[in-house]
Amino acid sequence: MFRMSLLRAAGLAAAVGLLSTVVLAQTSQVEGTVKLKGADGSTKPAAGVLIDIYRIDIKGHYDVKTDKNGHFVRLGLPVQGTYLFVFSGPGATPTWMNNVRISQMPVVDTTLDPGDGRTLTFEEIQKQIAQQKTGGGGGGAPAPKALSPADKAKLEAAQREMEANAKEGKELQSSFDAAVKHFNEGVKLKAASNYEAALSEFEESTKLDPSKNKNFIEIGHRANAQVAETHYQIGADKFNKKDRDGAKPHFEQAVTSINKAIAVASTATEDPTVTADLITYYSILDKNAQILVENYGQVNLVDATVKDLEKAEALDAANKNKWGVLKADLYRSGGRTDDAVAAYKKVLAADPNYADAIYGLGLSLIGSSERAQIQEGANALAEFLVKAPATDKRVPIVKSSLEELKNGLKIEAEKPAAPAKGRKKP
């Protein structure tokens with residue numbers, strides 16, 4: 001249910017709660033949707049409905065409220081219990097549902113009739129149940145069988161376990177809600193370009209431990225990814241203002257945080273949409289690693305990042321050439337010309353018109369000390385001018401570089417062949 005694109009300004013819905021079985025001994029959860037019937041017979045989600053959940057085989061009481069979509073989730077309910085559900089809400093007639101076993105009925109939906117919004121007490125419902133059993137004077141229910149000391153001890157132990165699990169479930173829900181609150185606030189602050197404050201909120205949301213519950217995984221990886229993106233934004237601002245030293249730790253922290261996001265997202269084996277998140281995260285990793293390699297000489301990042309980009313390539317096979325160019329760019333920035341040239345040529349073997357690969361190949365080769373390679377690089381850059389869109393910002397830079405080669409080294413690019421027909425430019 002917690003679905004959102006990573007970088008768009010939209011928060012997670014704190015009131016939704018957790019949607020799968022919590023990993024606690026002999027406990028589970030119940031969820032459902034409550035609707036309110038209108039005067040015309042139509043129904044709409046009933047927000048703010050209080051659901052009192054009474055355990056009736058032994059004493060116990062829990063409660064939860066519906067969110068704006070009329071949905072509720074309650075954690076930490078003992079599986080073996082039998083429950084009475086009481087629904088009370090604004091503008092509604094209260095109702096109840098008895099003898100619910102969540103092992104058999106994990107989803108409890110209901111529709112309320114319009115009413116005065118009053119709340120039924122447990123005692124009032126017990127009277128109604130008793131009246132139903134007697135059928136208006138037809139004899140009461142049989143007296144309950146007395147418990148043996150051993151059975152009583154078992155029930156008391158179960159009660160203690162229930163209370164402990166309920167406490168843990170409540171703590172899980174509370175920590176989740178707090179993380180979501182920080183996350184949403186971070187999104188708002190980031191949208192307002194208040195990056196330092198946004199970073200603080202996102203960092204708070206990363207304190208939620210994804211190992212505690214599988215429903216924590218999504219906010220766990222998204223929060224770390226937002227930390228990475230916010231560090232990148234702060235670093236870019238500083239870098240553009242010529243504060244290179246001040247920018248560096250932000251790019252480094254971005255790499256650390258996005259690696260955490262990737263590690264957490266990779267555990268979301270039951271989430272069919274996590275692949276798109278991972279592809280985004282690998283792109284964030286690449287842009288920060290690229291900056292650190294090219295501008296700060298952190299060539300130690302090259303091999304590890306290339307391995308990560310190979311994982312991205314496997315996930316995003318339709319864009320294999322894009323990832324191939326990114327790997328080649330890292331090699332080039334790290335001064336590994338032979339590896340870069342080989343990687344660019346691998347892309348061009350698959351698509352001879354791939355402009356980014358032609359550009360990177362040309363840059364790699366003109367840095368050589370060998371005249372033959374410089375000539376090959378000049379030819380590649382000339383080919384780039386033919387195949388790149390005229391609006392590409394690299395075009396004037398390439399033209400200037402070719403002019404310098406012509407005037408300085410007396411190396412003039414050979415006339416490139418026309419683009420192959422039917423080949424699509426990247």
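Visitor: Is Tyr-62 buried or exposed?
Guide: Tyr-62 is buried, with a relative accessible area of 4%. Buried means under 20% relative accessible area, exposed over 50%, partly exposed in between, using a 1.4 Å probe and protein chains only. Keep in mind that this is a predicted model, where local features need pLDDT of at least 70, side-chain atom pairs count only at pLDDT 80 or more, and totals for chains, interfaces and linings use all residues. Residues are numbered from 1 along each chain as its sequence is written, and side-chain values use heavy atoms, with hydrogens and water left out.

Visitor: And Tyr-83? Buried or exposed?
Guide: Tyr-83 is buried too, at 0% relative accessibility.

Visitor: OK, rings now. How many aromatic pairs are there?
Guide: Nine in the whole structure. Rings of Phe, Tyr and Trp (its six-membered ring) pair if their centres lie within 6.5 Å; planes under 30 degrees apart are stacked, over 60 edge-to-face, the rest tilted. Tyr-62 and Tyr-83 are edge-to-face, 6.4 Å centre to centre with 65° between the planes.

Visitor: What about Tyr-232 and Phe-251?
Guide: Their centres are 6.0 Å apart and the planes are at 55°, so that pair is tilted. Tyr-232 is in helix 4 and Phe-251 in helix 5, 19 residues apart; helices here are DSSP runs (H or I, at least four residues), numbered from the N terminus.

Visitor: Which aromatic cluster includes them?
Guide: Tyr-232, Phe-239, Phe-251 and Tyr-296 form one cluster.

Conventions
Helices (H or I, at least four residues) and strands (E, at least two) are DSSP runs, numbered from the N terminus.
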